[in-house]
Amino acid sequence: MRQSISTAGGVIILAVSFAASNQAQVSTGHLSRGADFVLLHGHLWTGEPYAGPGEKPAQTRYAEALAAANGRILAVGDDSEISAYIGPNTQVVDLQGRFAMPGFIDDHVHFVDGSFQLLEVDLKHAPSEAEFARLIGEKAKTLPAGRWILGGNWDEEAWPDAELPTRGLIDALTPNNPVYVSRYDGHAGLANSLALKLAGVTRDTPSPVGGVIVHDPKTGEPTGILKDAAQDLVLRVIPNPSEREFEEAIRTGLAEARRVGVTSVEDMALGGDTPDGGFASEIRLLRRAEIEGWLTCRFYEITPIEQWQRLAEAGISHGMGSDWLQLGAVKGFADGSLGSRTAWFFDPYTDDASNRGMPLPMMHPPAKMEAAVRGADAAGIQLAVHAIGDRAIAEMLDIYARVGGADAPVHRFRIEHAQHMRPEDFKRFGQLGIVASMQPYHAIDDGRWAEKRIGHERARYSYAWRSMLEAGAPLAFGTDWPVAPLNPLLGVYAAVTRATLDGKHPEGWFPEQRLTVDEALRAYTQGSAYAAFQEHDKGTLAPGKLADVIVLSDDPFKTAPEKIRDLTVTMTIVGGRVVQQMP
Ligand SMILES: [Zn+2]
């Protein structure tokens, strides 16, 4: 790798060249003062040699050390080899034998939603009314007067007296902040008195069609609980976030990504109701973060399919942008979700014999989806479509096969979730090279109740990562954050154990679909990179690639599977810069 070292005026000059043609050349001029950044004495799982979809990975190479300059990896090797890259301005980090690996790439997040959710109050685990009120009061202390307290996820059924909360519980704790916190199912919410006042809801306000304003039977005053359509009375007066609040949310989301070792995300950009009409405001803010230097995670923006023409008209195709922010992919929806029985199946739901779920409007009829896929694809835009039920997945495979024709794999069409499969469709993923963009955490979460919805036989081919790999499908991992936590180690844990969250399947729910640690890490790094046409830039530790590296508290290969979820990220390095370090 390193060809010559000479010294001129006491400064070490390194000349490097790389054999592999697909790796970026690093200009030698930048190296006259050594590498910017060197990691020594580590146990580096490199992910190399890179294995493409359908290839059996060879024994993964390990290394001790790594050198980087100008954001990219110069060399990976043993300590003595890499020490030669240390110059007067090199930041050297001694890993003291710790396990390091390429940064995680989450291939499916809703970054703005997740980020705002971090600023909201989470009442999911409140075991009582008193704790519910206390958490809201604590949140109020952190916010300026006038700022809304949002969030929720509460469930009064989990409280001792199982009664709906009232505004009286929280009014005294939130005199200056309007509050609207939703029940976990979204069918009801609690407003405080200030929020009701801003919404103009009084004892005389009639309940709207399809909704209920709950009144105190004694006083006749609204209790603050609004059900179904009545929620709009308050929701419509909640202001859109200001630019400053938007920035605060994104900064909070970036901090979370650094904390859990996510160095790249493939982000389902906003669809609709933002101050200036959708994804543009998000992309502008990310771009500003890039320019101002506080973007610490790389973004591959996947914008709504309904607006593919906006990208096409601007000449934007996949991969356009920088190392930090890329555009040129769109996302559509073929169906709904398993939980709400709206995922689209060939056969009826096991617990609802009259229902097979349904296609979403974009897929109704499928010719509509096909036209959008064809148009976007012709413009060089990558396609990612949410499909969960076996019928929705099969219809999407048909569409992709027709649009992609003989060279379908070149297009890297994506199916997001690919949750419940017909057995015969796995091989089509492989043949068409369709990216199976999957979220391992969903298996241990939904696995608690999925069999009730679809029965044992269909559950056998659900969240079926092993079957996807065996079929030669490109497998990429992510979370769907905030639907699941952003922490990738929980996903790796889920992939390796398939132990459902209720503790009922300690040996694994359909254990034949479990992955090895090596397979799970690959899907979460190089697999996700491939899903965004970025495998030459990231996903493994190799010369020429971006210097995105994380250090773990322990080696996951030497950790008992059930303990993988307890591992933490002790250091996050993005572009050869330490952006997070545990004290
Ligand atoms: Zn999603």
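Reader: How are the donor residues of the zinc ion spaced in sequence?

Author: This is a predicted model, in which local features need pLDDT of at least 70, side-chain atom pairs count only at pLDDT 80 or more, and totals for chains, interfaces and linings use all residues. Residues are numbered from 1 along each chain as its sequence is written, and side-chain values use heavy atoms, with hydrogens and water left out. The zinc ion is coordinated by His-108 (NE2), His-110 (NE2) and Asp-480 (OD) at 2.0 to 2.1 Å, where donors are N, O and S atoms within 2.8 Å of the metal (3.2 Å for Na, K and Ca), and sites may look incomplete because water is not among the atoms. In sequence, the spacing of these donor residues is H-x1-H-x369-D.

Reader: How many residues apart in sequence are the parts that His-110 and Asp-480 tie together?

Author: Helices (H or I, at least four residues) and strands (E, at least two) are DSSP runs, numbered from the N terminus. His-110 lies in the loop between β10 (104–109) and α2 (111–119), and Asp-480 in the loop between β24 (475–477) and α16 (488–497), so the parts that this pair ties together are separated in sequence by 370 residues.

Reader: Is Tyr-461 buried, partly exposed or exposed?

Author: Buried means under 20% relative accessible area and exposed over 50%, with partly exposed in between (1.4 Å probe, protein chains only). Phe-426 has 6% relative accessibility and therefore counts as buried. Tyr-461 has 26% relative accessibility, so this residue counts as partly exposed.
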